Amino acid sequence: MSRYLPKTRLVRAASLESSPPRQVFLKLENELPTGSFKVRGAIYALSLREQGQGTREVVASSTGNHGAAVAYAAKFLGWRARIFLPEKNNPIKRNNIVRLGAAIEERGTIDLAGAFRAASEYAQKSGAYFLNDATDRDLPAGTGTIACEIFEQQPNVDVIYVPMGDTALIRGVADAAKQISAKVKIIGVQSELAPSYFLSWRQGRVIETETCDTIADGLATRTPEEANVAAIGELVDEMVLVSEEEMLQAIGRLLIDEHVVAEAAGAAATAAVLKSQDHGGSSVALLVTGANISRETLEQVTTI
C-alpha cells in the first residue's frame, strides 16, 4: 500500500484517557487523500485489475466517501469512473467526487438501495467493473493495512474500535489484526439509527431495518449481506451503538481537545469510548475514519 498512499499517524489522545489508567490512540485515516480510509480499499482492488482486459471504466454506488475513493483510484490509475449517489447526499463528499473528474448519477434517497440498483444495472449493460465495497472480495485487504500500521506504530494495542457501515473496514481490520495479535479485541460501532449489522451480529442472521436515516452517512446501511454477517460473527468481539448526540459530542471533543476534524462516522469510535469505559484494554486504538463533515452537521456540533 505504501506504493500508493502515505502511512497515517497513530497519535496519543490524552483527553480521552480515564481511570483505570490506559493509553488511547487515534488512527488518523482522515489524513488520507479524499479525507477518508476508503481510498485504501478502492486503490488496492482497482490496482489488481490493471492487467485485465476489457473496459477501463469503474462504477460504484456510495453515500460519498467510497465514491470519492473510487474516483481517486480511477484517476490515479487512468480509468474512467461513474459514481451513483443517493439524491440526499453530503455536498462536501459530492464535490470531492466532482473535483476528481468522475461522472455522477443521483438515485433514491439517503438509502443506498436505489443508487446500488442503478449502478448494478449500468455495469451489466456497459461492461464496466462494479466496485461494490460491501461485496468486493479484494477491497478488505486494502483496509486491513490499517491494522498493520497500528501494530507497527504501537505493538501493545489490545483493543481497536472500528466504525461499521457496510463492514468492509471492520472485516479487513479485524482479519489482519487477529493474525498479528491473538489477544486483540475488536469492537464495532454503529449508529442507533442504522443498527442493521449490530442486530444481525447479535442474532447471527441477516436483519434488515426499514430506515437508516442518521447524520453518519458513512454508517447508513439498511440491508446487510449474508456473507458479511457471517464474517463479523467470527471476527468482531463486541458491538456498541451510539446516538446522534453522542457522535456530535465526539466531533466536538476531537475538534477542541485533539485538533482533529472528523465527520459523524469518523467520530463514532470516539463516541463509543466516551459512552462507556467498560470494554477493557490498556492500550486502545480508535479509528478516525473520515473528515468530510458537512456544514449542517458542524453547525449542530456548535449547539450542543
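Start by selecting helix 2 (residues 65–77) and helix 3 (residues 91–99): their axes come within 9 Å and cross at roughly 15 degrees. Axes here are lines fitted to C-alpha atoms, for helices over the stretch in contact, with angles from 0 to 180 degrees between N-to-C directions. Helices are DSSP runs of H or I with at least four residues, strands are runs of E with at least two, and both are numbered from the N terminus. This is a predicted model, where local features need pLDDT of at least 70, side-chain atom pairs count only at pLDDT 80 or more, and totals for chains, interfaces and linings use all residues. Residues are numbered from 1 along each chain as its sequence is written, and side-chain values use heavy atoms, leaving out hydrogens and water.

Helix 2 and helix 3 are therefore roughly parallel (an angle under 35 degrees). Now show side chains: N65, G67, A68, A71 and K75 of helix 2 meet K93, N96, I97 and R99 of helix 3 (contact is heavy atoms within 4.5 Å). That set splits into 3 nonpolar, 3 polar and 3 charged residues (Ala, Val, Leu, Ile, Met, Phe, Trp, Tyr, Cys and Pro are nonpolar; Asp, Glu, Lys and Arg charged; the others, Gly among them, polar).

How values were computed. Angles under 35 degrees count as roughly parallel, over 145 as roughly antiparallel, 65 to 115 as roughly perpendicular and the rest as oblique.
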